[in-house]
Amino acid sequence: MSGERTTTVRWPWHRRRHAAGSVAAPAVAVVTAAVTAAAAALQLIAPPAALAQGNVLFAQGFHGNVPDPAYPVVLPALPSGPATTNAACLTATGGAGPGLHSCADAADPPGAGALRLTGTGDYLTGGVFAATSVPAPQGLDVRFNTYQYGGTGADGIAFVLAAVDPADPRPPGTLGQSGGGLGYSMAQAGHPPAGPVDLPGLSHAYLGVGLDVYGSFSASWPQGRDCADPPFIGRRMPGQVVVRGPGDGTTGYCGLASSAVNLESPPLNLEGPTRADSRVPVQVLINPTGTAHTSGTGAVVPARSFSVVFTDLGGVQYTVGGPLPTVPAGLYPPGWLTAEGTPRQLAFGWVASTGAATDVHEIDDVTVTGFTDVPVLGVAQTAYAPATLAPGAPVTYLVRPSVAAGVSETRPVTVVETPPAGVVPIAAAGEGWECRPPAAGRISCTNAQTPFPAGRPLPPLTVSATVTAGRGRAGALAVTPDDIRTGSVVVAYSDDAVPAVATLTPLGVPPAPPSGLSATPAAGPPAGGGQVVIAGSGLAGATVVRVGTPEQQQAGTAVALPRCPAGPAAGCFTQDASGQVVIAAMPPGAAGPVQITVVTLGAAGSAAYTYQAVAPPGAPRAVSAVAAERAATLTWVAPAGPVTGYVVTPFRLGVMQRPWHLSGDLTGVTVTGLDAGVPYTFTVTALNDSGAGPRSAASAAVVPGPVPQPPGGGCAVHRPGRCARR
């Protein structure tokens, strides 16, 4: 603002003041005698010549009585403590229903309200997160206003960042500790709200920016016992802006930077008597890139650094910053970090709390942009399932990922489907999608056929699942269609895009189930491998074939064969011109009857099939051998029944030699590499899916002959004193 004074604390443990508007100036104008000479001598980092700003990733004014649905928000649960209900609400009148809505005492007209995190009640905690994370590697520019007023000065407001699983980019479900932890940090035992044991902080936390009126965010107890305190951390420091680093559980959350130089620094003016008198504008810049960045406001953040720019109620602008922290090994799960040790995806939100001392805590005018334009993904799906869901019932999801208008996606896109409890994914398929086996209750597929144009859908994806809980299973809770509608979650993400999450799944109407199904042949060996054709009605649009016993079908452990992406192959099925389902190679199975279940869109029908056990083969008969040059040609008569191969065993002077293993139903072979002039006999053993049969009687002995010698004395290669073969 015009005429405001500015103070910059560029790196941890340093503080300085300079004239308004001089962020880009190389000189420092000292406007207060409270600054040390060393701090005044620090030089400002010159910004790049060009300003840069990417597309909007999140925007909420919070002035109305409902949030803007284009950028949804969630209300995380609170940790155990005095407060049990998330106190966040909107001060504009007229909003009701689930999620974020109007406060009970809302008094502002719609269009003039704010997001109230807490009122002035004792021991309140409120927090709001964006419903979806944003990509961090390209940099983030976060802007908002805070308002702290009307109470006795406690505790404060925090802007918090947490790493999330790229495959599930939803924010943490529970906030960090209230009071001095400001909803970000843990709490050591003996310090409220902790009792005799340490209490965990925000899960997979990365950065917490606390505008701390009461001052406990500067103390040494809202952090892990592994932290080494810098000069500005150690006791309660009222009126400071403090940045804490990565943590999880009761580890980490160490102090990184502060508006305080040391424990004697005076408080800043962050709290006022009314909302109109307490506005503190804040800008948080996260720059993991290798070059310095100048935002649209002119604020500069060096490469691989963070910067917090705010203006206190006295019109003094401050900048608190430092290097981005590298996450310690093992703090987050594998795959969540870039090669530089920073999160790939960041969830973000705002939290405030009160204790015995209180304030109203509010924010508004929130925007989050990238440093550069990034792709924005979308995803929607429809589920098909029977009206009554018993164990073994099919659930089919038709997933439709897309890229929003603006920036095309040049990286592979991954879709992850997570059905609700009591439903397990079994297979997925779609043109261009490479799908992995289900794991941990979800299934994922990646499409690398880039680029994906902006404003266009990606190829659709079909995910097949099976109900495993219901009235048919003793002691199990029944799964209902509404569980499918509200409990299914599908995610689309990439390395560089804003991910998409769909948590509400419309239900489609399944077609009539396949009926009158028959399998040809209706039986086969336990080893599988043969072709089976399923005929019947209602097979059009088949999505998956399940092969297994009724118990396996109900438990979701039957073999699942998705539609083949490119013609007949093992592990999938095709449909011929007449609509029959063709399994090119039956999977192996235990001997006994099974069901071959064909699933269309949430409808299923079955054909009977039997894996027939076979007896081991008998012994081959009439084994004969004819000598050849260092070889012998064998013939035999095959035993009755199926044979998949043979083992031929030579005996040299009665001593067994290395066996020959043969595949197929053969009746002869030439054994080579034998020694000339030495008698050999041979036995033959037949094999099938049940194992090896008895060994045949030995052939008559034969004596292989020598290799014919070339003309000229019989030596192929002459050596002094001897003759060597080639």
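These legends go with close-up views of salt bridges and disulfides in a predicted model. Residues are numbered from 1 along each chain as its sequence is written, and side-chain values use heavy atoms, with hydrogens and water left out. Because the model is predicted, local features need pLDDT of at least 70 and side-chain atom pairs count only at pLDDT 80 or more, while totals for chains, interfaces and linings use all residues.

**View 1. Arginine 275 pairs up with aspartate 108.** Here's one of the 12 salt bridges that a search of the whole structure finds (a side-chain nitrogen of Lys or Arg within 4 Å of a carboxyl oxygen of Asp or Glu). The closest N and O atoms of arginine 275 and aspartate 108 are 2.8 Å apart. Arginine 275 sits in the loop between β15 (255-258) and β16 (279-287), and aspartate 108 in the loop between β5 (89-90) and β6 (115-118), 167 residues away. Strands are DSSP runs (E, at least two residues), numbered from the N terminus. Both partners are buried (under 20% relative accessible area; exposed is over 50%, partly exposed in between; 1.4 Å probe, protein chains only).

**View 2. Aspartate 165 meets arginine 442.** In this salt bridge the closest N and O atoms are 3.0 Å apart. Aspartate 165 is in the loop between β10 (156-163) and β11 (205-212) and arginine 442 in the loop between β27 (433-435) and β28 (443-447), so the pair ties together parts 277 residues apart in sequence. Aspartate 165 counts as buried at 18% relative accessibility, whereas arginine 442 is partly exposed at 27%.

**View 3. Cysteine 227 bonds to cysteine 254.** A search of the whole structure finds 4 disulfides (pairs of cysteine sulfur atoms within 2.5 Å), and in this one the sulfurs are 2.0 Å apart. The S-S torsion is about -85°, so the link is left-handed. Cysteine 227 is buried, at 15% relative accessible area, but cysteine 254 is partly exposed, at 22%.

**View 4. Cysteine 435 is joined to cysteine 445.** The S to S distance in this disulfide is 2.1 Å. Its torsion is about 110°, so this disulfide is right-handed. Cysteine 435 belongs to strand β27 and cysteine 445 to strand β28, 10 residues apart.

Technical notes
Helix = DSSP H or I, 4+ residues; strand = E, 2+ residues; numbered from the N terminus.
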